[in-house]
Amino acid sequence: MSIFTPTNQIRLTNVAVVRQKRAGKRFEIACYKNKVMGWRSGVEKDIDEVLQTHTVFTNVSKGEVAKKQDMVKAFSTEDQTEICKQILKKGELQVSEKERQSQLESMYKDIATLVADMCVNPETKRPYTVGLIEKAMKDVHFSVKPTRNTKQQALEVIKKLKETETINIERAQMRIKFTVPQREAKKVRTKLTKMAKKVEGENWEDDEFILVALMDPGCFREVDELIRVETKGKGSMELLSLKEVEEGDEKF
């Protein structure tokens, strides 16, 4: 698909159009193919790598540019880059049925891969294969939402698999090393051991208390705040590993 825009005489090639209707008007933006999904999933963060031009159109293929008053009425701003971001987020990607199916299949695989990376079988401590996760997703009739990012959907899959007990699955634990000044050690230790899935080791080095524990990823922010507040910024936490996997174990 090749588009000639009379406004700036730039020929746009390899175009993916994202369309959104607001305030009774149609708005379109010209993007690079294969970049829209990357932006929505958070993989691509440079807007210039996604947009062919920061111009907002009413019809990309004809090069018809949106009127300023229409943009202000629909988006409450005339900042075209900001409008492009809004359309990117909520607009509908115009693709052929074959392309749409290919993109959905790719997202489905990406979501399954994320779930496999984030989870283990709690009984064996082994990670699941992507293929097994994909099968489990089919069993619970999971449908990909193309406008939502893959990480959000991966978390939804984990929740759904746990609720339906389709497979025995649990978020992989984080192995974290905590270093706390001696003065706050007793109070912090009590709180950390209550939050930890398992305490793997603890000892004193000089005037510091060190504890290594397995924590649920959902506790990360709470634990981070605990260390900062209770130690007045003098304590620290170091992520040693993202998965609790038995040595020598193979994926199955």
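**Stop 1: the aromatic pairs**

The structure holds two aromatic pairs, where rings of Phe, Tyr and Trp (its six-membered ring) pair if their centres lie within 6.5 Å. Before you zoom in, note that this is a predicted model, in which local features need pLDDT of at least 70, side-chain atom pairs count only at pLDDT 80 or more, and totals for chains, interfaces and linings use all residues. Residues are numbered from 1 along each chain as its sequence is written, and side-chain values use heavy atoms, with hydrogens and water left out.

Select F27 and F75: the ring centres are 5.1 Å apart and the planes stand at 75°, so this pair is edge-to-face (planes under 30 degrees apart count as stacked, over 60 as edge-to-face and the rest as tilted). The pair links distant parts of the chain, since F27 sits in strand β4 (residues 25-32) and F75 in helix α2 (residues 68-75), 48 residues apart. Helices (H or I, at least four residues) and strands (E, at least two) are DSSP runs, numbered from the N terminus. F27 is buried at a relative accessible area of 0%, and F75 is buried too, at 5%; buried means under 20% relative accessible area, exposed over 50%, and partly exposed in between (1.4 Å probe, protein chains only).

Now select W204 and F209, a tilted pair with 5.2 Å centre to centre and 55° between the planes. W204 is partly exposed at 49% relative accessibility, while F209 is buried at 5%.

**Stop 2: the open sheet**

Show β10 to β13 next. What is the order of the four strands in this open sheet? The order is β11-β12-β10-β13, with antiparallel pairing; two strands pair if DSSP finds at least two bridges between them. β11 (198-205) and β13 stand at the edges with a single partner strand each, so one side of each has no neighbour in the sheet. Direction ignored, neighbouring strands here are turned by 20° against each other on average.

Zoom in on β10 and β13, which pair in the antiparallel sense over five bridges. Opposite I176 you will find L239 in β13.

**Stop 3: helix α8 and its neighbours**

Select helix α8 (residues 220-230), where V223, L226, I227 and E230 are buried. Look down the axis of α8: its buried residues fall within an arc of 90°, so they line one face of the helix (the arc is that of the directions from the helix axis to the C-beta atoms). On the other side of α8, R221 and V229 are exposed. The buried residues of α8 pack against β10 (174-181), α7 (182-195), β12 (208-215) and β13 (236-241), with contact meaning heavy atoms within 4.5 Å.

The axes of α7 and α8 come within 11 Å and cross at roughly 170°. That makes α7 roughly antiparallel to α8. Axes are lines fitted to C-alpha atoms, for helices over the stretch in contact, and angles run from 0 to 180 degrees between N-to-C directions; under 35 degrees counts as roughly parallel, over 145 as roughly antiparallel, 65 to 115 as roughly perpendicular and the rest as oblique.

**Stop 4: two positive phi values**

Finish in the loops. A23 lies between β3 (15-22) and β4, and has a positive phi of about 50° although it is not a glycine. K232, in the loop between α8 and β13, has a positive phi near 55° and is exposed at 69% relative accessibility.
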